[in-house]
Amino acid sequence: MKDEPAEGRISAVEAPDPHGVSQPVNWKDYRDHLATADQQGRRRWLYPKKPSGTWHTRRAWFAAVLIVVMFAGPWIRIQGNPLLMINIVERKFSILGQMFWPQDSILFAVAMLVFITGIIVFTTAFGRLWCGWACPQTIMMEMVFRKLEYLIDGDSAEQKALSDAPWTARKTARRLFKHAVFFGVSFIVGNTLFAYIVGSDQLLRIQLDDPRNHVTGLTFMILFSLLFYAIFARFREQACTFICPYGRFQSAALDENTMLVMYDRKRGESRAPWRKGESVSERAAQGHGDCVNCRQCVAVCPTGIDIRDGTQMECVNCTACIDACDQIMDRVGRPHGLIRFASQNSVEKGEPQRFTKRMLMYAVVLGALVTLFLTLVLTRAPVETTFLRAQGALYQPGPDGTIGNVYSVKVINKAHHDIPVEFVLEGVEGKIRVMGANPLVAPKESFVQTSVMVYLPKSVLTGSATRIKVGVFSGGKRLEGLGTTFAGPRNDE
Ligand code: SF4
Ligand code: SF4
């Protein structure tokens, strides 16, 4: 096992300040490389200080709820169906206990539009709040793996000291222990993701059954565990910076009215250490603002940036810098909020937070899409039937001078209970005979296939392909109507 890279390593506390002490921001000096890479592009390993404070406590509670939901998700059942399941293998999907099939592709398309529009509205109003507060990657990294790391390796300074220390038996044992714990948690995370894909029942079968029967499943379990171990033990904040498309996309959605974690430059600049006993007026007389340049906001940042440089793509709105700065403001007797949730306009022009026309427009589109989605879900028939003339089959003479056609029928039952179905010709005289079990029963969350004979009197035929309509009924209730064609002799035959 290798230790963190020795070269290019940097403690967030030691990150160079491009502006120098107590200098106002000079935008020409602004960095032209990632905060976690040096000029040569080598990774700078971060050792963020343990965050604490009001915002962190709120975030920790919120994360705890999400973590419980996330891990319990595949095991929670609503009317017997998983809370969330995306079973790509069997092409079965469950959202909030509602089973969806590949035939529900329109619903999926609308759901995706709702999701994307929702993200745009949310990002326009609240920036990357999702990233810091609800994204599973950030939650697991900052609230689980980072906390385990603090427990095992200590806070920022101890972590850095341990990393710099020569390899001894003690260091090796601590490293082995930490990475074993990381792999164990990654295994649980990997299994949870796997349960979301194949379902919890299948996951249990793979875990408990003879391994020789589940080589593919076990391979994926190990691959998922290794993937999460690599992300949380090594890749970390790079996943948000390099891989996450939302991080890239958000810069297009932000504007000057978006709420973000902001440093109040007007109040903070110019920066200078606070001399003991120095009054606010003395400081102001020297042109100094409230920022005492302690760099605690940088020290706690899990992405290694200095929020005083302005809005940056790496910022995940985790609020750790707000807490750190508020604690410093308490110590120097200045009000909280030098770093706070605010829009650029509210910081620079003192404007109140407002709902802009752009946000309103997005919200209207989102409202319309949500309405469409709910309409589709609520009017969704519990069964979906395909009623197709059997391939290659010709019409045949039936009883009483009628003409018969054979059809292949498939009834998908999306409900949580078995549904007996019957077929009725609509708007035309004739008979339908279901082959095999009668009445036909579509088992819950599954489907049934059968053949059906349709007999029509010659008098109703309009040619070699007569359009007919078949109603699907259950218990006297019409579930859906289907159109199909009926083959018969041409008019001149
Ligand atoms: S924590 Fe606050 S006072 Fe300290 S450097 Fe950051 S912004 Fe300035
Ligand atoms: S700048 Fe502040 S809010 Fe943004 S990621 Fe760093 S600590 Fe979190």
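Student: Which residues of the largest nonpolar core touch the most other members?

Tutor: In this predicted model, Val-261, Cys-297, Ile-307, Cys-321, Ala-324, Cys-325 and Ile-339 touch the most other members of that core, which holds 40 residues. A nonpolar core here is a set of buried Ala, Val, Leu, Ile, Met, Phe, Trp, Tyr and Cys residues joined through C-beta atoms within 7 Å, where buried requires 20 or more other C-beta atoms within 10 Å of the residue's own, with C-beta atoms placed from the backbone. Local features need pLDDT of at least 70, side-chain atom pairs count only at pLDDT 80 or more, and totals for chains, interfaces and linings use all residues. Residues are numbered from 1 along each chain as its sequence is written, while ligands are numbered from 1 in the order in which they are written.

Student: And which helix gives the most to this core?

Tutor: Helix 14, with 6 residues; helices are DSSP runs of H or I with at least four residues, numbered from the N terminus.

Student: OK, switching to ligand 1, which residues come nearest?

Tutor: Cys-291, Cys-294, Gln-296, Cys-297 and Cys-325 come nearest among the 15 residues around ligand 1, a residue being near if its C-beta atom, placed from the backbone, lies within 6 Å.

Student: Which helix gives the most to that shell?

Tutor: Helix 14 gives the most to the shell around ligand 1, with 3 residues.

Student: How far apart are the C-alpha centres of domain 1 and domain 2?

Tutor: They lie 54 Å apart, with domain 1 spanning 1-380 and domain 2 spanning 383-487, bounds that come from an automatic or database domain assignment.

Terms used. A residue is buried if 20 or more other C-beta atoms lie within 10 Å of its own, exposed if 12 or fewer, and partly exposed in between; C-beta atoms are placed from the backbone. Helices (H or I, at least four residues) and strands (E, at least two) are DSSP runs, numbered from the N terminus.
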